[in-house]
Amino acid sequence: KRAVTGRSFFFLLFKKLPMKKVLFFLLFISYASMAQEFYEIRTYQMKFRGNVNILENYLSKALIPALNKYGVSKVGVFKDYGKPEPAIVVVAIPFASLSAYAGYKDALEKNSEYQQAASAYFQQVGFDKPMFEKISIYLAKSFAGHPALTLPNKQASRIYEWRTYEAYNEDALKRKIAMFNDAELAVFDKVGLHNVFFGEVLAGENTPCLSYMVSFENMAERDANWAKFGADPDWKRISGDAKYANSHSRTVRKFLEPTSYSQW
């Protein structure tokens, strides 16, 4: 008998199925292929008179090239829009899978080019060489409704709004994420809150919480589009739905601007 190839098998299968089931099967395969990403979001809280130049040289000349070589195609690096002193530097790294995240530090350790490029940063130790107070890190898993990073248009004036929604407990967080996946993400798209990433924070400070980032051409567009969001009838409908009530307890917000070497 003639062997049945994978292609002929699916042809025979689809031939016997009703069209509705074929369409459902194709939709399921398409959805399943959209694997959710993982994000490491670092906040470097610099010391007073900390050497930001050495940190930025490390990020731009050592870390980003090494991560790109490892398979991370886009690394975002930002500074606080309000330019506080001491400075704050935020680094956002998307990983295609949890195993990719788990393996990247070992890959950096074995990368001789990275080790050489990072040497000045590694030598910045001691009380006489101030750098940063600490690195705060979130590890987040992308929402099913927004499984992959979406990069904005790169206007020179673009800004990013990074929000973290803390929740009363784990169930409240689950309901807030469902609110985003069910309807809120679509409202964001409609009114021009340009979605970048959305993630459930798996580990980090202030959990349980979720964290997301949206972008705008400038602060004027930001203010106008958030006003549209507040007035949107779909938002008013879902925000009044009892199943989403008390789904988050506090909002932490930062405005960020990309560095010249940021890949976002």
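Is the crossing of helices α7 and α8 left-handed or right-handed? The crossing of α7 and α8 is right-handed, and we will come back to this pair below.

## Getting started

This is a predicted model, in which local features need pLDDT of at least 70 and side-chain atom pairs count only at pLDDT 80 or more, while totals for chains, interfaces and linings use all residues. Residues are numbered from 1 along each chain as its sequence is written, and side-chain values use heavy atoms, leaving out hydrogens and water.

The chain holds nine helices and eight strands. Both are DSSP runs numbered from the N terminus: helices are H or I with at least four residues, strands are E with at least two. Of the 264 residues, 42% count as buried (under 20% relative accessible area; exposed is over 50% and partly exposed in between, with a 1.4 Å probe and protein chains only). Among contacts (heavy atoms within 4.5 Å) with a separation of 6 or more, 80% come from residues 24 or more positions apart.

Strands pair if DSSP finds at least two bridges between them. Strand β6 (residues 194-203) runs antiparallel to β4 (residues 132-142), and four bridges join them. Here L139 stands opposite A203 of β6.

Strand β6 also pairs with β7 (residues 209-216), in the antiparallel sense and over six bridges.

## A look at S215

Now find S215, which lies in strand β7. S215 counts as buried because its relative accessibility is 2%. Leaving aside residues up to four places away in sequence, S215 touches P152, I159, Y160, H194 and V196.

## Back to the two helices

Helix α7 (residues 170-191) packs against helix α8 (residues 219-231) at an angle of about 135°, with the axes 9 Å apart. The angle makes α7 oblique to α8. Axes are lines fitted to C-alpha atoms, for helices over the stretch in contact, and angles run from 0 to 180 degrees between N-to-C directions. Under 35 degrees is roughly parallel, over 145 roughly antiparallel, 65 to 115 roughly perpendicular, and the rest oblique. As for handedness, a crossing is right-handed if the near helix is turned clockwise from the far one by less than a right angle, and left-handed if anticlockwise.

From α7, E184, V187, F188 and V191 make the contact, and from α8, N225, W226, K228 and F229. These residues divide into five nonpolar, one polar and two charged.

Key. Ala, Val, Leu, Ile, Met, Phe, Trp, Tyr, Cys and Pro count as nonpolar, Asp, Glu, Lys and Arg as charged, and the others, Gly among them, as polar.
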